[in-house]
Every structure is written in structure tokens, then in C-alpha cells.
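This report goes through a two-chain model under a few headings. The sequence and structure come first.

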Amino acid sequence: MELDIMRIMMFLVRTIPAILFVFLIAIVMFSFSVEIEEKDVDRLSIETAEGLLSSPLVTSRAVFSESILEESSTRYGADNGANFEPYARPCKSAYYVKVSDLSSRKTWEFGYRPSGITEIDEPSVIAYPAGIFVSGLRPGEFYNTVKPALMVVEIHDSWLTRATCLAEKALATREVEEMILGCIDLRFLMTGPPIELSDCGFSIVRPASRTDHLCIFDRNYGTNPSDDLLLDCRYVPEIAVRQFSKGYDNEAKLRAVPVIPGTLVDCENIEALESLVAKTGLAEIVFCLEGL
Amino acid sequence: MIKGIITPMAVTMIVLVVFVMVSIAVIFLSLYARFSFSGVSPVAYTIDFVDITNKPYSVAEVLTNYRIGDRQFLEHSLESTVMGKLTTSEVKGGLVELLDTYNFRFYSVEIKKGEEIIYSSDINRPGRSRIQRCGNGFEGLCVLEFMSSLKPAGPCGVGFIEIDPGDNDCPIDLAISSDSACCLFSPERYPDEGVGNFEIVRCGASFNGICNPLACQPTTVRINDDDLCRDANSGGTTICCQFLEESLEESVISATATIPIFYKGESGTIEVTVG
């Protein structure tokens, strides 16, 4: 069979552009990257506000009861160091709410606000129009009305809220839960040699003085367990958490392992962590930190 | 060569030409998508949570518990849907007293029986009015003629001209029975139209504002005049106002809650709009 050079050339001239074209399209397609920003803190602020407007704080939706606000502010307010988040508590983030009576300028506030050391981003803030229920007696009649009020909800995203949520998830799912930890400006002694302070650090404790809170503490807390050395606390009752502190550089992977209380946990042996998980019954959360 | 048959050479040429053209088109599209020539990437898509959506429902809940005079607002609404009219004048004052304290950009409360508006609190005030479009292509903006402070500058303000609203006329405000003018921002045509007594004096750090008398109309925003308005038009236009499409769009973000009301076979709705 005789080869026709002209036909071969034309075949190549047609085929090569077709192949190149496929490559070109592939390069264009793969060069785009999709970025998805969840904005879950913004969404959470709306959800939390809606939750609070329908919570036991109100007599009917968006109409607050002054006596319940007074009681909540006293019981859950920051003045007594409570940091409670009643009625609409999110897990990964925390809320702080402030209700203002627009006629008398009186305010009631409670919830959690992080200390600067653990806060990740600016809080997402949302303001909702609301009312405060007023009842009274006039000659010949008993009447109800509302006073204008404003409810401002702040959603705070902090390393403490994320870590406590990790512990709660680990306890609920009975699995090892993990998250990436950015740098928290806490310095702990690194195991040497040479023994020196780390650039970043994470610590958590349920202090004896505040048994329903989990707190991040300063490195000196180990030798002097004073409340002054508790840097940031969140109200998280009913989860047993083993005291933990460790230093790291820049970034770390934090794991929460639900184990039978008292179990010895070797955090260096990551593969073995799953086998230590307490699938049922009582469990305490042990944190493990792996520098990245 | 047989007539009507394309030669292999011609086919090859066509393939090459198509390849080159499509490649150029793909490269251009790729560059266009990668670099934002208009400030916004054509392949970017953002979802923002607009909290305004839920606010009218809170206001509506508050209103149903709110007492005006000797009865709740809900009772006034029920009565007006049955009677076909509002029998007391104190509702308007009561609503304004409550809703003004929230400091919304815009609010409106309407009581309706079917499509008929029995009562509307739609009060256009500088800085807090809902922007309504007019003109055949919705190119104009409705401005209430009651805003007498703008009268020396024509019905629309300095830099604006009045245009024919065409089929999309501005509604008459029910609360104050005032007509609206259909206005178009056109500093180029303003001097030729012979409206108002004031000349256009540019103001602001980038000269992007125009000096106006007394107050900025709702379709503009007040900016720092950079001392350029103080003596403008012999001191008659001391306020620097900037027309911004973005601020206009922002000002029309509003949401409405509709609450059905029933009484012995009669029905109506309360519509609360907040922006």
C-alpha cells in the first residue's frame, strides 16, 4: 500500500488542532477554582435572633416580658460572671444579647463575649425591632400594650467556643472529632531540648471555682490555680473535660476523644485513639493536640 | 474535481480557521472571567443574608399587641375592614409614635380590604422614604411635591429635571394627599430646562456632589461639602447632596409582612413594610 504524504499531513493538521483544542478547554476549565464562603456566623445571628424572639423571654413573639428579662439579666448576666446562653444556644459560636427599652433607655443583657485572646473574627451583629409587654389598670379597665424595644444579638466566634463545641460533638457522636486550631496567643513550655516557650498555645480546664464553665487558662495556672489566670470561660455544664495545655507553632490539629473516665491516652499514637473511644456510658473528653 | 464536493484541503483549512477562532474566543473569555474589568468578576456569585426580611414580622407582632387610644391596633384594623374606613384619627399618631422610635430607613403600615387600601401610614420624609420609580422605562424617581424646601430648586431639586411619568405615574400619597413629581438626575440638561432658581455648584472632595437648599431629597445622600456650598448661589444652597445609584438601590431594600384578619365573614390584611 502506497502512503500518501499529502493525506497524512492533512490528517495531522486536522487532528492536532482538535487535540490541542481539547487541552485548551481542559486548561481553562481546571484553572477556575470555586471558593465557597459559608457566612455561617451571619446566618447563625439571624437564626439565634429568631430563636430568642420566640423563647420563654417573650410573652408573644417579639414582645418581651420585663420581669423575665430582669430575672434573666440577673441570673445569666455578665455581672455575676455567668456567661450563660439560655434558650437559643448555638454550638460552634456563642451569642450575647442586649434588649433595650427605647422609651426609658433601660437595658438587659446576658450571654457570652470572648476575651480578645480567643476571638477569631469580629462578631456578627443584628438588631431586631421588638416590644416590651406592659399591663396596667386605669379607672374602669385593665389594659395591655407594648413599649418599643430593640434587641441586639452578637454572635461571637472564638477558639474557646469552637473547642467546647468539638467536645460536645465528640460526646454526642462518640467519635474522635478534630479541627484546625489557629494561633492563640498563649505561651507554654515546649518539651525540649532546648526547653523554651512556644509561640502559640491551647489550654482548657473546668475550674473548681466555676464548675459549670470550661475555661482557657494562662500557663501559670498550673502552679497557681487562681481565677485571675482564667482567660476566657464559657458556660458548658455536664461535660467532663480533662485539664489540658500544650504549646505549638502557628497551627495545630486539635482532637477531642471521648474516653471512659480515667483512661490513659497516648496522644502521640493517633491510630490508637479511635480504639479508646467510649461508645456508650460515662465518658470524659480528652483533648490531643498535634502541631502542623 | 467533482462539483459540490469539498476538497480535503478545503476541509483542513476550515478546521484550522475554526480552531484559531474558537481558541481566541476561549482565551478572551478566560481573561474576561479572570480579571474583573468592571470591578466584579462575571463568574463570581455571592449570597448575602439580608436580615431585613424578618423584621416586618417582628413589627407586626408588636403592633398586634400595641394599644392606641382605648383599643389595640388589631381591633382598630378589624373595625376598619368591617366598616370600610378608619373611624378614628388617633391611629396614625399612635403608629408614628411607636414606629418612629425604631429609626427605620422606611416603614409603612397598610390596612387593606381585598385590594382596597383603607389606611396607609406611608409617610415620605426626607431620608426615610421608599424610592418609587416612574417614567416609561422606570428611569425616573418619584419625589413628593410637598417638600417645599426644594421648591426654589424646582420640584425635583438641583441637578434634577422633571420628566413625563408616562404609564408609570407616581402614586398619590394617601397619608398626606400630596402629588409626586417624576424626576430624572441630569445635571447636563438641568441648566437648559430653566427649572428652579439655582445654578449647579459642584461640591465634595471629588466634586461628586451638588449644592442643594436646606435638605437632600430622599433620592440623594448628604456628603461633606468641603466648604464649597457655603457661598454657593449666594448662600441659598448650603447642603451638599450626592446622587448614588448604589444608595438608591440600598434604600429600596425592604420586606413586607402580611397578616390576615378575619371578623364574622369579613376579611382583610395588615401589611407591614420595613426598609
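## Basis and confidence

Helices (H or I, at least four residues) and strands (E, at least two) are DSSP runs, numbered from the N terminus. The model is predicted. For the complex, the predictor gives an ipTM of 0.73 and a pTM of 0.66.

Chain A has an average pLDDT of 86, and 93% of its residues score at least 70. Within chain A, helix α1 (residues 5-31) has the lowest confidence, with a mean of 82, while helix α4 (residues 159-173) has the highest, at 94. Chain B averages 75, with 72% of the residues at 70 or above. In chain B the lowest confidence falls in helix α6 (residues 245-251), at a mean of 52, and the highest in α2(B), at 89.

Where pLDDT is low, the predicted coordinates should not be read in detail.

## Interface between chain B and chain A

The contact involves 38 residues of chain A and 34 residues of chain B. About 3,000 Å² is buried between the two chains, and carbon and sulfur atoms give 69% of that area. On the side of chain B that touches chain A, the elements that give two or more residues are α1 (8-34) and α2 (55-65) of chain B. Of the elements on this side, α1(B) gives the most, with 13 residues. By residue class, the side of chain B that touches chain A holds 18 nonpolar, 10 polar and six charged residues.

How many salt bridges does the rule find across the interface of chain B and chain A? The number is zero. Polar contacts between chain B and chain A, with both residues at pLDDT 80 or more, come to five residue pairs.

## Salt bridges in the whole structure

Over all chains, a search finds 20 salt bridges. One of them joins the side chains of A:Arg234 and A:Glu85, at 3.0 Å from N to O. A:Arg234 belongs to strand β10 (residues 230-235) of chain A, and A:Glu85 to the loop between α3 (66-76) and β3 (94-101) of chain A, so this pair ties together parts that are 149 residues apart in sequence.

## A four-stranded sheet in chain B

Four strands of chain B make an open sheet with antiparallel pairing, in the order β9-β10-β12-β11. Its edge strands, β9 (202-203) and β11 (221-222) of chain B, each pair on one side only. Strands of a sheet pair through backbone hydrogen bonds, either parallel or antiparallel.

Strand β10 (residues 209-212) of chain B runs antiparallel to strand β12 (residues 239-242) of chain B, and three bridges join them. B:Cys211 stands opposite B:Cys240, a residue of β12(B).

## Positive phi in loops of chain B

B:Asn233 is placed in the loop between β11 and β12 of chain B. Its phi is near 50 degrees, a positive value in a residue other than glycine.

B:Lys264 sits in the loop between β13 (255-263) and β14 (266-274) of chain B. B:Lys264 is not a glycine either, yet has a positive phi of about 45 degrees.

Terms used
Residues are numbered from 1 along each chain as its sequence is written. Chains are lettered from A and ligands numbered from 1 in the order in which they are written. Side-chain values use heavy atoms; hydrogens and water are left out. Contact means heavy atoms within 4.5 Å. Buried area is the accessible area (1.4 Å probe) that two parts lose on being put together, summed over both. A salt bridge is a side-chain nitrogen of Lys or Arg within 4 Å of a carboxyl oxygen of Asp or Glu. A polar contact is a pair of N or O atoms within 3.5 Å; within protein, one must be able to donate a hydrogen and the other to accept it, and residues adjacent in sequence count only if both atoms are side-chain atoms. Ala, Val, Leu, Ile, Met, Phe, Trp, Tyr, Cys and Pro count as nonpolar, Asp, Glu, Lys and Arg as charged, and the others, Gly among them, as polar. pLDDT is the predictor's confidence in each residue, from 0 to 100. Two strands pair if DSSP finds at least two bridges between them.
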